[in-house]
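Subject: Structure for your review

Dear colleague,

Please find below the structure that I am handing over to you. My notes on what was found in it follow directly after.

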Amino acid sequence: MFSKPLIIYYSKTGTTAKIVEAVLPLTKAEIRRLGEPKGLKGRFKLGGYFRRNDEAKEPDVLIDEFDPIILMTPVWGGKPTLAMTEFLEGVDLKGKRVVLGLVGANETNPNALEKLRRKAMERGCTFIETIYLRGVLPGRDWNDLKEEDYLREATRLAEKISAVSEYTR
């Protein structure tokens with residue numbers, strides 16, 4: 001059975017979104033953007049929680065027809081975003097192949113990877129792969145990427161998506 005890849009991502013500052021937008025012409029993937037995390041306010045209904053129309057609202061319904069699922073999130077201070085963590089707490093990934101895309105300044109983020117890998121595996125995924133993408137250029141000023149940097153990272157992601165999509169179960 002053939003199905004399309006789905007990229008589910010969170011982007012606060014726009015870096016992850018730029019990589020996702022750059023990867024679309026290179027793949028046949030669809031995308032869903034996660035809204036702002038609920039955090040404690042949303043869990044206790046103490047504050048408003050708004051989402052744009054293109055943001056994921058009902059994760060289980062959105063992923064049924066897709067495979068693989070690519071989960072992309074920034075990593076800040078070695079930790080994954082609350083938005084992706086909350087998403088993984090409520091989604092059923094049973095039988096889905098999952099690629100974790102971690103976007104950050106470091107080459108690897110083992111703590112963030114382990115937390116997300118564990119949560120994804122708890123949700124039932126049967127395959128998991130990781131790709132680390134450069135989100136900023138490390139250094140004294142933490143420079144933003146240039147357009148060619150976004151394209152390079154998007155190309156790396158597209159190659160990973162293609163390799164996973166072509167893999168037969």
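The buried residues of helix α1 are covered by elements that include β1, β2, β3, β5 (97-104), β6 (127-134) and α6. The buried residues in question are Thr-15, Thr-16, Ala-17, Ile-19, Val-20 and Val-23; buried means under 20% relative accessible area, exposed over 50%, and partly exposed in between, with a 1.4 Å probe and protein chains only. Helices (H or I, at least four residues) and strands (E, at least two) are DSSP runs, numbered from the N terminus.

Please note that this is a predicted model, in which local features need pLDDT of at least 70 and side-chain atom pairs count only at pLDDT 80 or more, while totals for chains, interfaces and linings use all residues. Residues are numbered from 1 along each chain as its sequence is written, and side-chain values use heavy atoms, with hydrogens and water left out.

Strands around β1

Strand β1 (residues 4-9) is mostly covered, with five of its six residues buried. Two strands pair if DSSP finds at least two bridges between them. β1 runs parallel to β3, and five bridges join them; here Ile-8 stands opposite Leu-71. β1 also pairs with β2 in the parallel sense, over four bridges, and Leu-6 stands opposite Glu-30 of β2. From β1 the chain crosses through α1 to β2, and this β-α-β crossover is right-handed (with the strands pointing away from the viewer, the path from the first strand over the helix to the second runs clockwise).

Strand β3 (residues 66-76) contains Pro-68. The peptide bond from Asp-67 to Pro-68 is cis, with omega near 0°. By way of background, most peptide bonds are trans.

Nonpolar cores

A nonpolar core is a set of buried Ala, Val, Leu, Ile, Met, Phe, Trp, Tyr and Cys residues joined through side-chain atoms within 4.5 Å. The largest has 25 residues, of which Ile-8, Ile-69, Leu-71, Leu-88 and Leu-93 touch the most other members. Two or more residues of this core come from each of β1, β3, α4 (82-90), β5, α5 (110-122) and β6. A second, separate core of 20 residues includes Tyr-9, Val-20, Val-23 and Ile-70.

Ala-154 lies in helix α6 (residues 147-166) and is buried, at a relative accessible area of 0%. Not counting residues up to four places away in sequence, Ala-154 touches Ile-19, Ala-22, Val-23 and Leu-26, where contact means heavy atoms within 4.5 Å. The C-alpha atoms of Ala-154 and Leu-133 are separated by 8.5 Å, and the two residues are 21 residues apart along the chain.

Thr-27 sits in the loop between α1 (15-23) and β2 (30-33). This residue counts as buried because its relative accessibility is 15%. Leaving aside neighbours within four places in sequence, Thr-27 is in contact with Ala-158 and Ile-161.

The aromatic pair

A search of the whole structure finds one aromatic pair. Rings of Phe, Tyr and Trp (its six-membered ring) pair if their centres lie within 6.5 Å; planes under 30 degrees apart count as stacked, over 60 as edge-to-face and the rest as tilted. The rings of Tyr-10 and Trp-76 have centres 6.4 Å apart and planes at 75°, so the pair is edge-to-face. Tyr-10 lies in the loop between β1 and α1 and Trp-76 in strand β3, 66 residues apart. Tyr-10 counts as buried at 3% relative accessibility, whereas Trp-76 is partly exposed, with a relative accessible area of 44%.

Yours sincerely
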